[in-house]
Amino acid sequence: MRSITKTFPGVVANDKIDFVVEKGEIHGLLGENGAGKTVLMNILYGLYKPDDGKIVVDGKEVDIDSPRAALDLGIGMVHQHFMVVPSLTVMENIVLGREPKKNGILLDTEKALRDVKDFCDRYRLEVDLKAPMLSLPVGVQQRVEILKALYRGANILILDEPTSVLTPQEVQELFKAVQALKQQGKTVVFISHKLREVLAICDRITVLRRGRVVETVEAAETSLSELARMMVGREIHFMFDKKQPENQRVVLKVENVEAVDDRGLPALKDIGFDVRSSEILGIAGVEGNGQTELVEALAGVRKVTAGRILLNDNDVTKASSGKRIQLGASTVPEDRHKRGLIMDFSVMENIILGSHDQPPFAKGLIRTNIKEVLSDAEKLMDSLHLGSRVRINIREVLSGAKMLVASLILGSRGKPTSAKGFVRLDIKQASDYARRLIEEFSIKTPDKDTPAQHLSGGTQQRVVLAREFSRNPKLIIASQPTRGLDIGATEYVRGKLVEMRNHGCAVLLISADLDEIWVLSDRIAVIYEGRIVAVKDPKKTNESELGLLMAGGKSD
Amino acid sequence: MANLTELKRKVSLKVGGLLRRLLRELKASVPKAVPQIIAILLAFVVGAITLLLTGYSPLEAYGAMLTGAFGDTFGIGQTFTQATPIIFTALAFLFAYKCGLFNIGAEGQFLIGAFTAALVGISFGGLPFFIHIPLALIAGALGGAAWGFIPAVLKAQRGAHEVITTMMLSYVALYLTSYMVNYPFKAPGMVAQTVLIFPSAELPRILQPTQLSASIFLAVLLAVLTQYTLCRTTIGYEVRAIGLNPSAAESGGISIKKGMIMALTISGAIAGLGGAGEVLGTHRRFIESFSPGYGWDGLAVALVGGLHPVGILLASVLFGALRSGGMTMTRVTHVPYDIGSILQALVILFVAAPMLIRYLLKRGGIKWWNS
């Protein structure tokens, strides 16, 4: 691809990009979110038309105006979000659009099965062809997507952020498959923002930043920190300064907790651990081993069937999520779309979620400050030169009426600001607070009234962090806090977690990213099939031991 | 005196700010209203074709309708009289909808509210009007609230779908009130109705000789109050949060069950107030099945009004005009009254149906249909 330029209203997504991929290599396309990786590949795949520049495939200049044209040239793409029909079987999905026919109309199931089977064997991609798509784990669905592209005759395979949805094990599987493809002479373009992965699998790497090519390097001749610098444009810290903790006490105590998942099957079995102040307890584990349920049980949105949860010595086993927030628990949910943010709400509305029923945001419907009302009235009286008799009456009438209304509406006079129910939301206070947090957490938003859905993933996560960290929490439950974030945002989030820890907060970190656990944790617990199988000191263990424990093995 | 001018300045600043905000919001909402306006125009075009095909002159018919609805005091009064109850039921639908609940039982809540208000209206003679009227209104609101509370609790505790329960309760309300005015509370005479309410409970008529009553002020006030509650109170905030993303709301410490019960109960109360307004202002008694389907119209008007109180006010006037203008049209041009109904149906079809289908699809979890 030569001198490709593509602009969208307001942004230059690709600025004179030269991108050369040799036949039979695995080429990494590295860059932060919004660097222009996906746009460039969508141009190659015929989804976008470039404003300028040309594309040369096998020495011939070509014009790719549709995915079909791309496929005819042997270019296939596997998108971040799979394009499969969930109710069809694997085989049906693979042959879809190119079905072998019987009598010209009917699907020749036998032949299709045979064809696809041969195919899978050739590329050593194993998959149950008769299984319906929706029953498969994400990693297998992805394999089907790859097979689909190959079945359509792809020689150049574009994988767009293929690992973002995979577990570490699935990533290993994928890497094997990609290596196998290379041996078969296929060319692979591997789009990612994850340095380690790109470094591990690719032969050459092209780094993009803000729509331009920074450099193309041999993977063997570069390093993690060099790539990071090229990608972000500045030095990146992979380690954080941790203060020596003092006066530690137990903030969260979990005792023999059990819970079931959405299907009613046991998800947590006899879970017990505690998290102390000024400590990050990392929970390592392959996804789907009960982490989601654990976080939900701790946050108060999933019922606990046995055991106890103590938060600062308060038994909160049966307490609502709201009660737990009041007691100082903050949660960064794993899925910010589902549990973290209300996408149609503005940044401001999202920032006050959870504090919205507390002062200073919630106020009595009528001005709560009786004195202020009275002094206003008095001033008015004075200025009208009315006698003191009238003044006294006004005073009584006013306060009497106010008490009546307040008690009618709020149920409890005197403490209207802490009452739930029909209470005024002080938009001015909320706005000031939102503006302060936007500033403090560098939330890149046009203004506080922008709906959360218009923000980028990293910015959305900052909104969640701003909300959860600014509530003066005693405990932070951070679940997959950096998933889907680019390297700059990841560094920021991790730094914030350490900062909260250094300020005395107890942090429970749940992550499928072992690196993350490794870098941040003071202690590491391993979860496997709903049980905590080990708690380790990071200084006295190593990656292979943890990996073994995560896979259900025993350590010595 | 300085203090007074200070105070005056403060007040004028506040009012100015409010007006500016209102203007800004209106400006912002104009583009959003475009699909609605196009749909209404389309409905009239298709309606004109229908008229042509059936051998009537659309110009003549629409002309008669327009003069019927807005041409004289009587027409205007009639239009707004018809619009008033629909404002209530539409606001009721809106409030529950914001919480993600589909309250299609406004008709029942409306009827119960009307009946409980009538009960208070025909009792307690001798009360001063400033106590009797509020008392009757509160009774109406409570009656409607109770009729919203039942499906709300069924939904929150047992997961019973509110579309089914609110609709079923509508029929219960219809037959219950029917029974009440046929037997225990039947006034002497042929008609199944209560006796007239005491004059002290009557809402004043504001445009004699039409039946238009002060109930319309109540409706407008309620529209403002609804918007205020949704946007400027914690309960409104929670209701909207639940409606948009229950999981995130729950994680944010909001009780979904409580919020849903609250929303559907308030929704019922609004519809009930509408019923009370009809009894106290328009009919002055409860007449068996006096509602020509105001509850159902409310659903349509809420959607045509773009699920916004201001839109609801405007759409209610349109529907009121179609009803009152339709009657005049029939009288003057011999075009059947049903053309008015056809126009209503067309407006609903063009505006509401696509929204409704999208909403139900989203809720039904059959998202793949869209993608």
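Visitor: How many strands form the open sheet of chain A, and in what order?
Guide: Strands of a sheet pair through backbone hydrogen bonds, either parallel or antiparallel. Here six strands form an open sheet in chain A, in the order β18-β21-β22-β15-β23-β24, with mixed pairing. Two strands pair if DSSP finds at least two bridges between them. Strands are DSSP runs of E, at least two residues; helices are runs of H or I, at least four; both are numbered from the N terminus. This is a predicted model: local features need pLDDT of at least 70, side-chain atom pairs count only at pLDDT 80 or more, and totals for chains, interfaces and linings use all residues. Residues are numbered from 1 along each chain as its sequence is written, while chains are lettered from A and ligands numbered from 1 in the order in which they are written.

Visitor: How do β15 and β23 of chain A run?
Guide: They run parallel, joined by four bridges. Ile283(A) of the sheet stands opposite Ala525(A) in β23(A).

Visitor: Which strands does helix α19 of chain A touch?
Guide: Helix α19 (residues 543-550) packs on the sheet and touches β15, β23 and β24 of chain A. Its direction makes about 30° with that of β23(A). Axes are lines fitted to C-alpha atoms, for helices over the stretch in contact, and angles run from 0 to 180 degrees between N-to-C directions.

Visitor: Now chain B. How do α3(B) and α11(B) cross?
Guide: Two packed helices are described by the angle between their axes and the distance between the axes. The axes of α3 (residues 73-98) and α11 (residues 294-304) of chain B come within 7 Å and cross at roughly 60°. The two are therefore oblique to each other (under 35 degrees is roughly parallel, over 145 roughly antiparallel, 65 to 115 roughly perpendicular, the rest oblique).

Visitor: Where is Asn103(B)?
Guide: Asn103(B) is in the loop between α3 and α4 (106-122) of chain B.

Visitor: Is Asn103(B) buried or exposed?
Guide: Asn103(B) has 33 C-beta neighbours inside 10 Å, so Asn103(B) counts as buried. Buried takes 20 or more other C-beta atoms within 10 Å, exposed 12 or fewer, partly exposed in between; C-beta atoms are placed from the backbone. Leaving aside neighbours within four places in sequence, Asn103(B) has contacts including Phe93(B), Glu162(B) and Leu264(B). Contact puts C-beta atoms, placed from the backbone, within 7 Å.

Methods
Two residues are in contact if their C-beta atoms, placed from the backbone, lie within 7 Å.
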